[in-house]
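Please keep the picture open while you read.

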Amino acid sequence: MFRRKLRCLKHPSVEIIDVSKESDFRALVVWLEDQKVRQYKPDERKALRDVKSDDWTAAFSKYLDDIEFPFDRSDRIGVVDWLLGHAIRLEYSDDAVQLTEAAETVARVNRSEVASQESSQQRQFDVNSSEFEAGVASLAKLFELPLHTDHVKLFEAIALLVEQRLSAEARRQAKASPETKKKQEDKLECVPLASTELGFDLTDPVLRDTAKVLRILHIAELRELQTKINEIIVAVQMLTADPKTDQRLGKVGR
């Protein structure tokens with residue numbers, strides 16, 4: 001499930017690690033802290049490193065407090081996913097070149113995995129199987145969608161994206177001439193993200209920019225909706241302004 005992120009972090013046991021096992025889970029937490037996160041000084045990691053201690057759970061809970069983990073701690077998959085993402089951000093935030101190289105490596109691996117999988121329209125899938133989950137993760141990477149802890153919901157998002165891209169309008173735009181596409185691009189409105197007001201405060205710059213993008217997209221959808229409403233109003237006004245009457249039903253006087 002986390003192979004791509006583990007590869008980015010160069011974990012030594014990508015193929016065999018199983019976070020559902022308590023021993024593997026604890027070992028991963030210790031490895032991330034020792035090698036990538038480094039929230040504590042080396043001499044402060046003793047309690048976290050003692051993975052066989054009865055007090056390890058309490059030490060881990062304090063560790064999550066110290067790194068400001070924001071989500072439900074009972075969801076181990078969500079915890080691991082966040083820890084890996086946090087480690088990746090710390091690992092590559094100061095080195096854009098390494099981040100680009102890692103992303104290209106992951107993309108090549110995913111393309112190789114997708115190419116090696118058998119495809120059949122008659123094949124029946126178990127949505128809870130590891131094969132289906134891996135396939136959804138590969139599709140998400142191809143469509144440049146962020147991973148989600150619930151792979152079924154992620155698959156629904158992919159299906160919606162495919163439906164939108166394969167709509168009649170999307171196919172028409174794909175077949176448009178270069179000149180037409182250039183004109184459409186010239187009409188696009190560029191919105192500077194830095195000067196966009198969010199309406200509320202977020203300390204994390206990544207989350208703040210993400211929220212701004214979502215706000216801009218929402219406003220664009222509202223504008224499109226308003227345009228369609230205006231078109232409907234105009235169409236109704238044209239009908240009511242030029243009614244087709246039946247003179248045989250008319251009356252003169254009372």
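Predicted model: local features only at pLDDT ≥ 70, side-chain atom pairs only at ≥ 80, totals over all residues.

1. Next, the overall build. You will find eleven helices and zero strands in the chain. Following the sequence, the pattern reads α-α-α-α-α-α-α-α-α-α-α.

2. What about the interior and the contacts? Of the 254 residues in the chain, 25% are buried. If you take the contacts between residues at least 6 apart in sequence, 42% of them join residues at least 24 apart.

3. Leu222 sits in helix α11, which covers residues 205-241. Is Leu222 buried or partly exposed? Its relative accessible area is 44%, so Leu222 counts as partly exposed.

4. Lys10 deserves a glance at its backbone: phi is positive, about 60°, although Lys10 is not a glycine. You can find Lys10 in the loop between α1 (3-8) and α2 (22-37). With a relative accessible area of 68%, Lys10 is exposed.

5. Glu68 is another residue to check. This residue is not a glycine, yet its phi has a positive value near 60°. Where is Glu68 found? Look in the loop that lies between α4 (56-66) and α5 (76-92). The relative accessible area of Glu68 is 65%, so Glu68 is exposed.

Methods: Residues numbered from 1 in each chain as written. Heavy atoms only, no water. Helix = DSSP H or I, 4+ residues; strand = E, 2+ residues; numbered from the N terminus. Buried < 20%, exposed > 50% of the residue type's maximum accessible area, 1.4 Å probe, protein only. Contact = heavy atoms within 4.5 Å.
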